[in-house]
2 protein chains.
Amino acid sequence: MSKHALEEVLHPQSVAVVGASDNPNASGYFFTRHLIDYGYRGKIYPINPGRPEILGMKAYPSLKEIPGSVDYVICCIPASGVLDLLKDCSPKRVKCVHLFTGRFSETGRQDAAELEQEILKQARKAGIRLIGPNCMGLYYPREGISFGYDFPKESGTVGVASQSGGGATYLVHLASLRGIRFSKVISYGNALDLNECDLLDYFSRDPETEIILMYIEGAKDGRKFLDALRQAASIKPVIVMKGGRGDAGTRAAVSHTAALASSTKMWATLIDQAGAVSAQDFEEMADLAVSFCFLPPIKGNRVGIVGVGGGPSVLAADQCEEEGLDVIPVPAGIREELKSKGIPIWDWIGNPVDASIIGGFITGIEMLEMMARNENFDLLIGIINEDAPFGKESLLSRLRTDARGYIKVKKGSSKPLLGVVGEKGPGIKDHNHWRWRMLSEARTRLIDTGIPVYPTIGRAARAARKLIDYYQRQE
Amino acid sequence: MSKHALEEVLHPQSVAVVGASDNPNASGYFFTRHLIDYGYRGKIYPINPGRPEILGMKAYPSLKEIPGSVDYVICCIPASGVLDLLKDCSPKRVKCVHLFTGRFSETGRQDAAELEQEILKQARKAGIRLIGPNCMGLYYPREGISFGYDFPKESGTVGVASQSGGGATYLVHLASLRGIRFSKVISYGNALDLNECDLLDYFSRDPETEIILMYIEGAKDGRKFLDALRQAASIKPVIVMKGGRGDAGTRAAVSHTAALASSTKMWATLIDQAGAVSAQDFEEMADLAVSFCFLPPIKGNRVGIVGVGGGPSVLAADQCEEEGLDVIPVPAGIREELKSKGIPIWDWIGNPVDASIIGGFITGIEMLEMMARNENFDLLIGIINEDAPFGKESLLSRLRTDARGYIKVKKGSSKPLLGVVGEKGPGIKDHNHWRWRMLSEARTRLIDTGIPVYPTIGRAARAARKLIDYYQRQE
């Protein structure tokens, strides 16, 4: 693949922050601070007419005063100053301006929209690419550039294009808890210049990116977007979430990024037809991201389930079926194996394996191992049971045995294995309760082994189903 | 209302634990230990032929040796010993036997099912009520009886009948985190004697119970259950979850509690027609429980939303609409008020109120206060924003301001107010990160003020919608 035009833009040798500040409540403080904190290796130029020094670095009154050229500008000044800034950019051979600056067309005001168009015109004339306006810009851990103050510093393989900066921030936090790391995240706001099509094209050709996530509120040109999406989805998995699906959401999206949003159905069809995968909210987007990152292709929908007993295993079966998985009965081969081992309840054990009846005869892990070897199962789900009824010690021991067992099965088999570990909302007094710490520990161990972890069986099943559909469409 | 026959059974003056034990891995240990730990005030009789003393109390070789009568027996011995035990119960004037003992009809074995029927016959002959078999029995905090080792010791107003003991345990943990406390929870397993109809009848007439939750895998007699459900739902809110809704779930339910389960649709219709409220999983059951506990009746579906900005507020609108709420535009009265206050973005602010654009002009809380006063809103949702982009301090301060504001609105207005606080699944290294502790703190403060808290806007909206439907059917 040839080098994409954006490649150069995203590897700046120098970054100027216009509106840089020492005030820890100002955006210009954070964008500067992050360059230091994330280890950006190029030159950093804080721009502020009132300060000789910012965060221990020499500050410049304007772009013009900087010696030599500047590759990348982060603009944190008000909208009214942007046209003048662009005039200064040209002689400095600036390649890209990230306009954190907002209050343009998203306000619904005629004069603001006109100013936005004039900015575009001037930038095009000067050959400068624009990210935004009204966006958080770039998080590129490998380059040491970030718009979030506590994002992971390590790199990964997931690329994100998000029209919303708040959404991108939320998604980075959410998905990184679940073991996802990012190649780069681009919050692109009003998409005045760099838009959804450019970003799909870029990410699909970016060797650092294996999976693309996109949050979009509205495409300027539906047909072009569809083409770009189809093209990108033919190269790697693309997960798309459309914001502004209904009437109220559309109103909110218009005032947020001036997008021309459309109806839920049109978008679902669009995403489907293009061979991409649709998500309904950031939580589902994270579910799909871990699924594509951690799982091999799933070839069919026959699922085996272990980990919980009684009612929860009944509900696990219901929820898997409701999401379109096939919770098959225990295959004859396993039945025979149980019988030949002399397990007295060989004819009673089912799928899901009910943890409340097998004790003393066989473990859930042994059942899971048999399922992993059996050709009738396309995927397996192991649930971490947080509620063994008889005491802390027995629960802790079962839980550790189960986590260890899932890890063993994962390491010894190529069968897709999904883990379920509850996410709980304790009160401040319960925050450190051993039960929730224990879940955190199990979660870490599974994720570190490369087992994707979901907070509920229903969400695991839904994500699995979407993966199955995706791979079936691919064939 | 006359005193229900079960009232006496549930207020025993003495409890014998048959199969009591000092072995901390045995069920008979826990059932004895809980009577001490939860402060049961009646007489406790551990029964074990091999021990003179258990947990510091005199133990008896059998029921016969106990001086005087015994009201309530918890049976932890194997199925084969139950008929003999019943013979001993009669002379001791036992009113109720809770059969924790399992391996009866749920095994699918003919001889086990026959033994179960014989037990029922002998118990009826002796006038003894049975809870179970194959169940966890009773959690009644006011009486000091519990089947869980870390349930709340305080009493509440929610009564639970659950065919699954694991499910009941999970639900008690889940709902108590969210501020729910219980009148009594009865895990009733195979429903050999005391069944779903008895329990609905009892809870509906129980003055300690204001809301009934029921987890059921199968009713012995569909028509009788429907009648009992209709009758109970005419007295107080009943939330019902059916396990074993599909093919696989039904197979699992049959081997779990020998229930004759049926199709998803039949059950949804059944629950609906009876005037009860259906839940799909324990999480939704907890959502509905906090809604009925903490909220006044909601009269309509027009919702006002504050707390998040940008993309998340667009998605909040989408998800509320998708659940059937009406995210109305900002009413003219509020528009006028904003204009008269000289707010320059009076015509731009929308519903949801986008937190990312109002800064410096007006706060989300001030908007929420206007919405609380405005007759066009039937309910309000306040979201705790966990991802303000600019630094820990600004996030902490916004978050505390928002939590305080929601509390003020709740105290100053009768308008139904729902809170959203994310539930996160950190790894063990992140467990104590200030971000998650901060969410735990906000959750506690809202719940302590009586604001129901939901982990996502989608779940808040779905629960609200079911409440609205419920109250509209009531009219």
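B:Pro352 lies in the loop that runs between α12 (332-340) and α13 (355-358) of chain B; helices are DSSP runs of H or I with at least four residues, strands are DSSP runs of E with at least two, and both are numbered from the N terminus. The structure is a predicted model, in which local features need pLDDT of at least 70 and side-chain atom pairs count only at pLDDT 80 or more, whereas totals for chains, interfaces and linings use all residues. Residues are numbered from 1 along each chain as its sequence is written, while chains are lettered from A and ligands numbered from 1 in the order in which they are written.

Most residues other than glycine have a negative phi, and most peptide bonds are trans. The peptide bond from B:Asn351 to B:Pro352, however, is cis, with omega near 0°. In chain A, the bond from A:Asn351 to A:Pro352 is likewise cis, with omega near 0°, and A:Pro352 is placed in the loop between α12 (332-340) and α13 (355-358) of that chain. A further backbone feature concerns A:Arg103, a residue other than glycine whose phi is positive, near 70°. A:Arg103 belongs to the loop between β6 (96-99) and α4 (110-126) of chain A.

The relation between the chains comes next. Two copies of a chain are related by a rotation about an axis and a shift along it. Here chain B is superposed on chain A by a rotation of 180° with 0.0 Å of shift along the axis, and the RMSD is 0.0 Å. This is the relation of a two-fold axis; the superposition is by least squares on the C-alpha atoms of residues with pLDDT of at least 70 in both copies.

Chain A and chain B each contribute 80 residues to the contact between them, where two residues are in contact if their C-beta atoms, placed from the backbone, lie within 7 Å. On the side of chain B that touches chain A, at least two residues come from each of α2 (27-37), α5, α8 (247-257), α11 (310-322), α15 (392-412) and α16 (434-448) of chain B. Helix α11(B) provides the largest share of that side, eleven residues. Its composition by class is 27 nonpolar, 34 polar and 19 charged residues; Ala, Val, Leu, Ile, Met, Phe, Trp, Tyr, Cys and Pro count as nonpolar, Asp, Glu, Lys and Arg as charged, and the others, Gly among them, as polar. Because 100% of the interface residues of chain B are also interface residues in chain A, the copies meet through the same surface.

One helix pair illustrates this contact. Two packed helices are described by the angle between their axes and the distance between the axes. Helix α11 (residues 310-322) of chain A packs against helix α5 (residues 165-177) of chain B at about 90°, their axes being 4 Å apart; axes are lines fitted to C-alpha atoms, for helices over the stretch in contact, and angles run from 0 to 180 degrees between N-to-C directions. The two helices α11(A) and α5(B) are therefore roughly perpendicular, where angles under 35 degrees count as roughly parallel, over 145 as roughly antiparallel, 65 to 115 as roughly perpendicular and the rest as oblique. From α11(A), A:Gly310, A:Gly311 and A:Pro312 meet B:Gly165, B:Gly166, B:Gly167 and B:Tyr170 of α5(B). The residues of this contact comprise two nonpolar, five polar and no charged.

Within chain A, three domains are assigned: domain 1 (1-134), domain 2 (143-294) and domain 3 (297-474), with bounds from an automatic or database domain assignment. The centres of domain 1 and domain 3 of chain A, taken over C-alpha atoms, are separated by 50 Å. Helix α6 (residues 196-205) of chain A packs on helix α7 (residues 222-233) of chain A at about 10°, with axes 9 Å apart. This makes α6(A) roughly parallel to α7(A). Residues in the contact include A:Leu200 and A:Phe203 of α6(A) and A:Phe225 and A:Leu229 of α7(A). The contact of α6(A) with α7(A) holds seven nonpolar, two polar and three charged residues.

Finally, chain A has an open sheet of four strands in the order β14-β15-β16-β17, with parallel pairing; two strands pair if DSSP finds at least two bridges between them. The edge strands of chain A, β14 (303-306) and β17 (453-454), each pair on one side only. Strands β15 (residues 379-383) and β16 (residues 417-420) of chain A are joined in the parallel sense over four bridges, and A:Ile381 has A:Leu418 in β16(A) as its bridge partner. Chain B also has an open four-stranded sheet with parallel pairing, in the order β14-β15-β16-β17.
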